[in-house]
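Subject: Structure handover

Hi,

Here is the structure I promised to pass on. Please open it alongside this email.

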Amino acid sequence: MKRVMCLFFLLFLIPTCRIKAKCMYSDIAEMKKIASNINYSYEYKIIGNDAFFDVTLVNLTSDIYFTDSVTNKTYKNKNGEYVLKNYQSGDTIIYNFYSNDADCLGTNLYTIRIVLPKYNQYYNNPICAGVEEYSLCQRWSSHNLSYDKFLEKVNQYKNEKIEESEKNKKEVDNDSLFHYIIIFLTDYYYVILIILGGTISVIAYIRNKRDSIYS
């Protein structure tokens, strides 16, 4: 009886192994190559105080299906191009691509990770006039500041910029003064030498005359 059971088990196991063996490494490698050609792009639209993104996936094939980490949805049998809509700014999206082939079903082939930029609802505030280069005044800026804190930070940046500008102006003025002195010494060095020589001669003459009087 035991031998019969063992024989039955082996007969059952052999077809199973054959089925699993159909998913060969070469098949997976080829599907991974196809999956790696999948690319994406995204566009945004502003609604109220936030931005919403539509992501377009291209080069999809029916041999591959994928899951979306944000919506937890699975998309199958998509060929060519597919548009997934209304992601929020700042979302991190992970698309995992799997084999849809019957022999390699569910094999993980490729992953795309997308970090969408965070929309800055304050970026076009009038206080940003003149300091558009400041990170808190740009369209995409990842921060969680309240409006009052935003105003405080921008005013602080403006004041620091003014102080830096005044400091640079003083340094330029000092450099200019030093520059003019150098130019004057270079252009009129001979006059300075004559005056210096004359002064030394007068001092020497006075000393000699004083010494001759008391000698």
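Below are my notes on its disulfides and on some backbone angles.

First, a caveat: this is a predicted model.

Disulfides

The whole structure holds 2 disulfides. Counting the bonded cysteines in sequence order, they pair 1-2, 3-4.

Cys23 has 18% relative accessibility; that is under the 20% cut-off, so Cys23 counts as buried. Cys104 is buried too, at 2%.

Cys128 and Cys137 form a disulfide as well, with their sulfur atoms 2.1 Å apart. Here the S-S torsion is about -80 degrees, so the Cys128 and Cys137 disulfide is left-handed. Both of these cysteines are buried.

Positive phi

Two asparagines deserve a look. Asn72 is not a glycine, yet its phi is positive, near 60 degrees. Asn72 is in the loop between strand 3 (64–68) and strand 4 (73–75). Is Asn72 buried or exposed? At 66% relative accessibility, Asn72 counts as exposed.

Asn86 also has a positive phi, about 65 degrees. Asn86 lies within strand 5 (residues 80–88).

Best wishes

How values were computed. Residues numbered from 1 in each chain as written. Predicted model: local features only at pLDDT ≥ 70, side-chain atom pairs only at ≥ 80, totals over all residues. Heavy atoms only, no water. Helix = DSSP H or I, 4+ residues; strand = E, 2+ residues; numbered from the N terminus. Buried < 20%, exposed > 50% of the residue type's maximum accessible area, 1.4 Å probe, protein only. Disulfide = S-S within 2.5 Å.
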